[in-house]
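Me: Could you help me learn to read a protein structure, one feature at a time?

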Amino acid sequence: MNSGPRLVPLASRPDAALRLYCFPPGGHGPGFYAPWTRHLPGPDLRAVELPGRATLAGQPSWTDPNRVTAAVAGLVAGQDDGRPYALFGHSIGALLAWETARRLHRTGHRPPALVAVSALPAPHLGSYVGTFSRILLDAGHSVPHLLGLTGLPAASVAGPPDQLARFLPPLLADVLLIWHHRHCDEEPLPVPLALYGGDADPLVPSDQLPEWNDLVVTPATPVLFPGRHMYPVEQPQSLTARLARDLSAALPPRRNNSS
């Protein structure tokens with residue numbers, strides 16, 4: 001059986017001007033972005049599926065961020081059909097989107113038109129261990145609270161043990177993944193950046209988002225949406241409308257074929 005990440009088509013649009021790869025937050029699979037097929041009609045929309053969730057639930061989860069991003073970068077490069085492409089990631093998915101973009105650039109592949117990161121401090125701040133340790137180790141944070149904070153069904157705790165086992169191991173694996181991340185200094189990435197966050201996010205204060213600009217050539221102004229850490233679930237239309245605008249701005253001008 002083949003093992004490793006997959007790129008799952010959510011809305012196959014071969015005539016779209018751009019392909020968008022979406023990286024789910026911790027513990028989630030591609031279904032996190034399924035509502036975007038209604039709210040984001042433009043791009044050829046695909047989502048990253050990691051081992052241990054959705055159709056890959058029978059595979060062991062990966063907890064090495066370098067291994068994950070190397071595999072995903074290889075898949076993205078292998079699907080390159082010449083159209084512009086972009087990467088979006090929310091929470092832990094933002095780190096994977098960012099490191100995938102850096103790996104593609106490092107290996108000489110055509111860069112994405114845009115990297116959009118949501119609800120995560122910049123990796124060079126060294127805050128991931130502290131942030132995610134507080135979530136797991138704070139005595140006031142029960143398992144239902146942890147699941148609810150990350151948008152997973154907290155009610156699953158009251159169900160059969162196998163129901164909880166569907167949700168908790170992938171989340172814990174993703175926390176291990178981000179704990180294992182070590183930032184490496186490189187030249188600023190020459191790729192447009194978009195920064196998004198929730199205005200009441202208890203995990204990622206909005207004043208941490210501008211620090212991402214240390215890592216790119218062209219700085220971006222963070223855009224905040226009403227809500228906490230999982231604001232994309234509550235604000236899908238607002239977020240996708242803004243993302244569509246940023247994707248459109250990042251696309252190269254279309255050539256006029258008229259004679």
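Predicted model: local features only at pLDDT ≥ 70, side-chain atom pairs only at ≥ 80, totals over all residues.

**Strands and a buried histidine**

Reply: Gladly! Residues are numbered from 1 along each chain as its sequence is written, and side-chain values use heavy atoms, leaving out hydrogens and water.

Me: Which strands pair with β6?

Reply: Strands are DSSP runs of E, at least two residues long, numbered from the N terminus. Two of them pair if DSSP finds at least two bridges between them. Here, β5 (residues 114–118) pairs with β6 in the parallel sense over four bridges. β6 also pairs with β7 (residues 223–225), again parallel, over three bridges; Tyr196 has Val223 in β7 as its bridge partner.

Me: Why is β6 described as largely enclosed?

Reply: Buried means under 20% relative accessible area, exposed over 50%, and partly exposed in between (1.4 Å probe, protein chains only). Six of the six residues of β6 (residues 193–198) are buried, so the rest of the structure largely encloses this strand. Leu193, Leu195 and Gly197 cover one side, and Ala194, Tyr196 and Gly198 the other.

Me: Is His90 buried or exposed?

Reply: His90, in strand β4 (residues 85–90), counts as buried because its relative accessibility is 0%.

Me: What does the side chain of His90 join in a polar contact?

Reply: A polar contact is a pair of N or O atoms within 3.5 Å; within protein, one must be able to donate a hydrogen and the other to accept it, and residues adjacent in sequence count only if both atoms are side-chain atoms. The side chains of His90 and Ser118 make one of 2.7 Å.
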